[in-house]
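Below is a short briefing on one protein model.

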Amino acid sequence: MALSTKHLLGIKPITGEDIQLILDTADNFKEVLNRPIKKVPSLRDITIANLFFENSTRTRISFELAEKRLSADVVNFSAAASSVKKGETLLDTVKNILAMKVDMVVMRHPMPGAPVFLSRHIPAQIINAGDGTHEHPTQALLDAFSLREKFGELKGLKVAIVGDITHSRVALSNIFALQKMGAEVTVCGPPTLIPKHIESLGVKVSYNLEETLRWADAANMLRIQLERQNIKFFPSLRDYSLQYQLNEEMLARIDKPLVIMHPGPINRGVEITSEVADSDQAIILDQVENGVAVRMAILYLLAGAK
Ligand code: CP
């Protein structure tokens with residue numbers, strides 16, 4: 001089996017069969033990661049550049065670990081410490097890095113569409129590690145993997161995505177991935193943080209957290225992305241928390257075994273309390289653990305799809 005794509009630019013352009021193949025391959029790599037010797041030679045002689053033009057903790061470290069576990073040669077680039085600061089363009093930066101014989105590029109960039117742009121101008125394979133408010137495909141795949149691990153299958157699963165839907169690349173990629181795998185999605189948050197016409201993607205919309213959680217098997221709690229908001233979308237963080245925070249009182253009211261997810265970084269005390277984020281119902285650190293196996297699967301399959 002092979003992926004239908006040379007790049008991973010988003011979840012929208014890939015098929016349900018691609019997602020299934022990535023999740024099944026990640027199962028094998030998760031087993032490898034639980035062995036005493038976690039390294040396999042699959043990507044020996046492949047060079048991968050991790051280009052981060054925007055901050056990251058989880059995605060950057062997870063990709064680097066995945067690449068090293070597959071025996072790839074790895075170079076890391078951070079825009080903050082580069083000649084981007086002297087005015088060099090994205091294309092010049094990447095062409096210079098590729099002149100040093102790089103096979104794959106993992107890229108995070110604040111501009112939606114930056115990975116698609118690069119894929120049209122350079123010969124290397126591109127993996128989107130988050131492009132502005134557009135897509136974050138590897139996060140959606142690790143979320144789907146974690147849900148499948150917890151529930152056995154994704155078909156028929158009811159997933160709530162709660163919070164700042166408008167500014168969230170995680171929300172969009174999750175919507176595409178979950179629907180392609182047969183799950184149902186409700187987005188929930190204040191009307192100002194839910195894009196108009198999002199129903200056209202086939203999701204339900206709710207402005208009521210308690211009702212949404214009563215319906216859901218799992219809730220993915222999103223961070224309020226203050227850094228992407230140059231106008232006010234709600235009166236204050238306290239007002240937001242009063243209506244949309246997942247806390248122990250809410251969990252006691254709905255009284256059901258809801259599975260709780262968060263892509264990180266968490267704003268503790270805003271969208272979720274520490275007690276809930278650290279509770280047995282939360283699979284937040286499982287998501288992070290699974291991210292390495294899922295990214296190993298993506299790199300391995302893309303290397304074979306060249
Ligand atoms: N979930 C996620 O993308 O986290 P980072 O921004 O730390 O990579």
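In this predicted model, the second largest pocket holds about 220 Å³ of space. Its lining is made up of 15 residues, and Ile266, Arg268, Ala277, Ile284 and Leu285 are the closest to its centre.

**Second largest pocket**
- Helix α11 supplies the largest share of this lining, four residues.
- By class, the lining of the second largest pocket has eight nonpolar, three polar and four charged residues.

**Largest pocket**
- The volume of the largest pocket is about 410 Å³.
- Twenty residues line the largest pocket, with Arg108, Arg169, Arg223, Gly264 and Pro265 nearest its centre.
- The elements giving two or more residues to this lining are α2 and α6 (169–180).
- Nine polar, seven charged and four nonpolar residues form the lining of the largest pocket.

**Helix α2**
- Helix α2 runs over residues 58–69 and spans 16 Å from first to last C-alpha, close to the 16 Å expected.
- Its buried residues are Thr59, Ser62, Phe63, Glu64, Ala66 and Glu67.
- The cover over these buried residues includes strands β1 (47–52), β2 (73–78), β3 (104–109) and β4 (125–131), together with helices α5 (137–151) and α11 (284–304).

**Nonpolar cores**
- The largest nonpolar core has 63 residues, of which Val187 and Leu299 touch the most other members.
- Helix α11 gives the most to this core, nine residues.
- Another core, of 26 residues, lies apart from the largest one and includes Met250, Ile254, Leu258 and Val270.
- Beyond its neighbours within four places in sequence, Val187 contacts residues including Ile161, Ile165, Ile175, Lys204 and Ser206.

Key:
Residues are numbered from 1 along each chain as its sequence is written. This is a predicted model: local features need pLDDT of at least 70, side-chain atom pairs count only at pLDDT 80 or more; totals for chains, interfaces and linings use all residues. Side-chain values use heavy atoms; hydrogens and water are left out. The expected span of a helix is 1.5 Å times one less than its number of residues. Buried means under 20% relative accessible area, exposed over 50%, partly exposed in between (1.4 Å probe, protein chains only). Contact means heavy atoms within 4.5 Å. A nonpolar core is a set of buried Ala, Val, Leu, Ile, Met, Phe, Trp, Tyr and Cys residues joined through side-chain atoms within 4.5 Å. On a 1 Å grid over the protein atoms alone, a cavity is a set of points where a 1.4 Å probe fits but cannot get out, and a pocket is an open set with protein on both sides within 12 Å along at least five of seven lines; lining residues have an atom within 4 Å of a point. Grid points are joined across faces, edges and corners, and a volume is the space filled by probe spheres set on the points. Ala, Val, Leu, Ile, Met, Phe, Trp, Tyr, Cys and Pro count as nonpolar, Asp, Glu, Lys and Arg as charged, and the others, Gly among them, as polar.
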